[in-house]
Amino acid sequence: MDGSMVDSLISVYENDPEMAEIVALFVAEMPDRIAELKQAVDDGDIELAHTIAHQLKGAAGGYGFERLGEIAAAAADALRKLEPSLSKTQHSALLAATSPLLLACGRVRLSTAQAAA
Amino acid sequence: MLVVDDSPLVHRLLKSRLRDEPIDLRHSNSGKEALEFIYTHDVATVLLDLNMPQTDGFEVLRDLSEKETTTHIPIIVLSGQQDSQDKVMAFGLGAMDYITKPFDLAELRARMRSALRVHRLVRMLSERAQLDGLTGLWNRSHLDDRLAQVVSTADRNNRPLSIALLDLDHFKSINDNYGHPAGDAALQGTAELISQAVRSADIACRYGGEEFAVLMPETTPEQAKALCERIRESIAARNWPSHPDRKITVSIGLCGAETTTGLPPDQWLAHADAALYKAKEAGRNRVMVTTLDKDRPKLAAAS
């Protein structure tokens, strides 16, 4: 963790016994989700990028990652405004729309206490 | 309860959040999948995401509210915090309640319980409206609904079906000699004996006056005859407190088929009624059977 916990996004439900297990799963699946989103950006697949952002928008808050949900909502909004057929200028817009979300996804973690337990 | 949301993350979340609730939680990933599920299952409450690709929540709402069988299912819509216009529109289309994402657990449970309560009450009221007040059996209106259903199911699947009409013999003389309370007791006692004899898939109704009907899906005429004989014997054997010296008997007209007949529901009733008439003509206290098949001529409709 390199002492970078200040930058981490931590779930407020992490210590809720009802939630601990699925929060851990949510965090564990994050690298796959990031890879999928990166791939969608590389392929210019706006629809897939939008689906990923949309699903995070609806769910992240429920898992206790409220900030991530807000960032995903902004990304989903920005992606919806893009034309489905991608031009060169659109590709940079796609990057711009998704990069805050990619960064935020990269900051999702379990707290150290939980990780050590 | 059915959760409709395009995000698997939401399904997993709700499953975990509601695991201690006494409900059977099911999931659909799209509006289309949800509609198919709802039309083929008994769903008590739907938790519906409005914002889905393809068939969205609004279309699901519209579809469910237009159909008589689903219009009373309570629907709680899931919406984002800012989408107040969506909520207004959802209520306009028949939603009962909404909850905003991210869910507050206590709020989610409270709204869900209230929706399930509404569902129970609506079901109770609609069942009451289909029950006969005196005997507690189904009433004529319920019989008409179910008759059409069982006839079409039997025809479609090429399955056996039998239908019986039962009429108390000389009922008027019970009323005349012992008074109307004795007549009511005779109807109630008969209904009780019919209820005891039929199986859980059978549908027993008070058809009107002193006449009863029993629909017996998946039952051949031969099996139905045995069941009707048991009913007839149990009624004939019963002692009646208000007239210990006077027994009551019943005549039964039965029609049934082992396979598809292609006959419409009213023809089934007409055949059962004709058999009942024969039972009366032949001296009452008996069961007469008509076996139906495709070549059976049509009868004039029962009056």
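Trainee: Which helices of chain B each supply at least two residues of the lining of the largest pocket?
Mentor: This is a predicted model, in which local features need pLDDT of at least 70 and side-chain atom pairs pLDDT 80 or more, while totals for chains, interfaces and linings use all residues. Residues are numbered from 1 along each chain as its sequence is written, chains are lettered from A and ligands numbered from 1 in written order, and side-chain values use heavy atoms without hydrogens or water. Helices are DSSP runs of H or I with at least four residues, numbered from the N terminus. On chain B, those that each give at least two lining residues are H2 (31-40), H5 and H6 (140-157).

Trainee: Which element gives the largest share of the lining of the largest pocket?
Mentor: A pocket is an open set of points on a 1 Å grid with protein on both sides within 12 Å along at least five of seven lines, and lining residues have an atom within 4 Å of a point. The lining here counts 22 residues. Five residues, the largest share, come from H5(B).

Trainee: Which residues lie nearest the centre of the largest pocket?
Mentor: The pocket has a volume of about 1,000 Å³. Of its lining residues, those nearest the centre are Asp42(B), Glu68(B), Thr69(B), Arg123(B) and Ser126(B).

Trainee: How many cavities of 30 Å³ or more are there, and which residues line the largest cavity?
Mentor: In a cavity a 1.4 Å probe fits but cannot get out. Two helices of chain B, H1 (8-17) and H5 (105-128), are the elements that give two or more residues to its lining. The lining residues are Gly62(A), Leu13(B), Arg17(B), Phe103(B), Asp104(B), Leu105(B) and Leu108(B).

Trainee: Which three residues supply 35% of the area that chain A buries against chain B?
Mentor: Contact (heavy atoms within 4.5 Å) joins 19 residues of chain A to 18 residues of chain B. The buried area (accessible area lost, 1.4 Å probe, summed over both parts) is about 1,600 Å², with 50% from carbon and sulfur atoms. The share of 35% exceeds that of any other three residues of chain A, and it belongs to Glu18(A), His54(A) and Gln55(A).

Trainee: Which element gives the most residues to the side of chain A that touches chain B?
Mentor: Four salt bridges (Lys or Arg side-chain nitrogen within 4 Å of an Asp or Glu carboxyl oxygen) link chain A and chain B. One pairs the side chains of Arg17(B) and Asp16(A) at 3.1 Å, N to O. On chain A, helix H1 (20-28) and helix H3 (46-59) each supply at least two residues of the side touching chain B. With six residues, the element that gives the most is H3(A).

Conventions
Buried area is the accessible area (1.4 Å probe) that two parts lose on being put together, summed over both. Grid points are joined across faces, edges and corners, and a volume is the space filled by probe spheres set on the points.
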